[in-house]
Amino acid sequence: MELEKRIGSTKIIIKKGDITKEKVDAIVNAANSRLLGGGGVDGAIHRAAGPTLLEECKRIGWCEPGDAVVTDAGNLSAKYVIHTVGPIWRGGARGEENTLKNAYISSLKRAMEKKVRTISFPAISTGAYGFPIDLAAKITLLAIKEFLEKNPHVFDEVRLVLFNDKVFNSFKEALERYLK
Ligand code: AR6
């Protein structure tokens, strides 16, 4: 199942699936600051890309929450992996919403610098980092909307690839509510 809206000349697509299978210019990884791989989508991306991804990540060494760094994509069909770090949810009073927004904005900026036209995101922070999913869906879509309204001709497609029904349904509701 795939749903689509448009902002300017960019399609925003939400779909259920595995991000490592995406045929796009760049996929985004929900990493941790040490960039050494891990579980969840990070583990899946490192397994599918092969060892060169970890070597490049080790050379970069660190990424602050809300920031993003770019590597090649090894064996993946994408050209780049953009590694961003979302916030760990600690109740909501520690700037978590702003850090999540910045993770999306930083990733889109890095992608724009690399002249990426199509990009796929996972639902950053909604797994191990425990961010409430409905709130994450709202912040994610509003961050993408804000960026695309400022940069209307940069991307052909911004795709959100959601791993299970619960997350997909939250994003579907937020898409209908916030991207009319
Ligand atoms: N494709 C798309 N989405 C996926 C995939 C996949 N193959 N696998 C999982 N997800 P998480 P976080 C979804 O935990 O919360 C790692 O260990 C998953 O269902 O991967 O940002 C890192 O190293 C969830 O909706 O990332 C960090 O230490 C979403 O991806 C930490 O976890 C994010 O879940 C980051 O935690």
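An oxygen atom of the ligand is 3.1 Å from a polar backbone atom of Tyr129. This is a predicted model: local features need pLDDT of at least 70, side-chain atom pairs count only at pLDDT 80 or more, and totals for chains, interfaces and linings use all residues. Residues are numbered from 1 along each chain as its sequence is written, and side-chain values use heavy atoms, without hydrogens and water.

The ligand is surrounded by 24 residues, each with a heavy atom within 4 Å of it. The closest are Asn32, Val41, Asp42, Thr126 and Ala128. Further polar contacts (pairs of N or O atoms within 3.5 Å) are tabulated here.

| Protein atom | Ligand atom | Distance |
|---|---|---|
| Asp18, polar side-chain atom | nitrogen | 2.9 Å |
| Ala128, backbone N or O atom | oxygen | 2.8 Å |

Now the helices. These are DSSP runs (H or I, at least four residues), numbered from the N terminus. The axes, lines fitted to C-alpha atoms over the stretch in contact, come within 9 Å for H3 (residues 96-113) and H4 (residues 133-150) and cross at roughly 40 degrees. Contact (heavy atoms within 4.5 Å) involves residues including Leu100, Tyr104 and Leu108 of H3 and Ile139, Ala143 and Phe147 of H4. The contact residues divide into 11 nonpolar, one polar and four charged.

H4 also meets H5 (residues 165-178): their axes come within 9 Å and cross at roughly 50 degrees. That makes H4 oblique to H5. Among the contact residues are Leu141 of H4 and Phe171 of H5. This contact has 10 nonpolar, two polar and four charged residues.

Definitions and conventions: Axes fitted to C-alpha atoms, helices over the stretch in contact; angles between N-to-C directions. Helix = DSSP H or I, 4+ residues; strand = E, 2+ residues; numbered from the N terminus. Nonpolar A, V, L, I, M, F, W, Y, C, P; charged D, E, K, R; others polar. Polar contact = N/O pair within 3.5 Å; in protein donor to acceptor, adjacent residues only side chain to side chain. Parallel < 35°, antiparallel > 145°, perpendicular 65-115°, else oblique.
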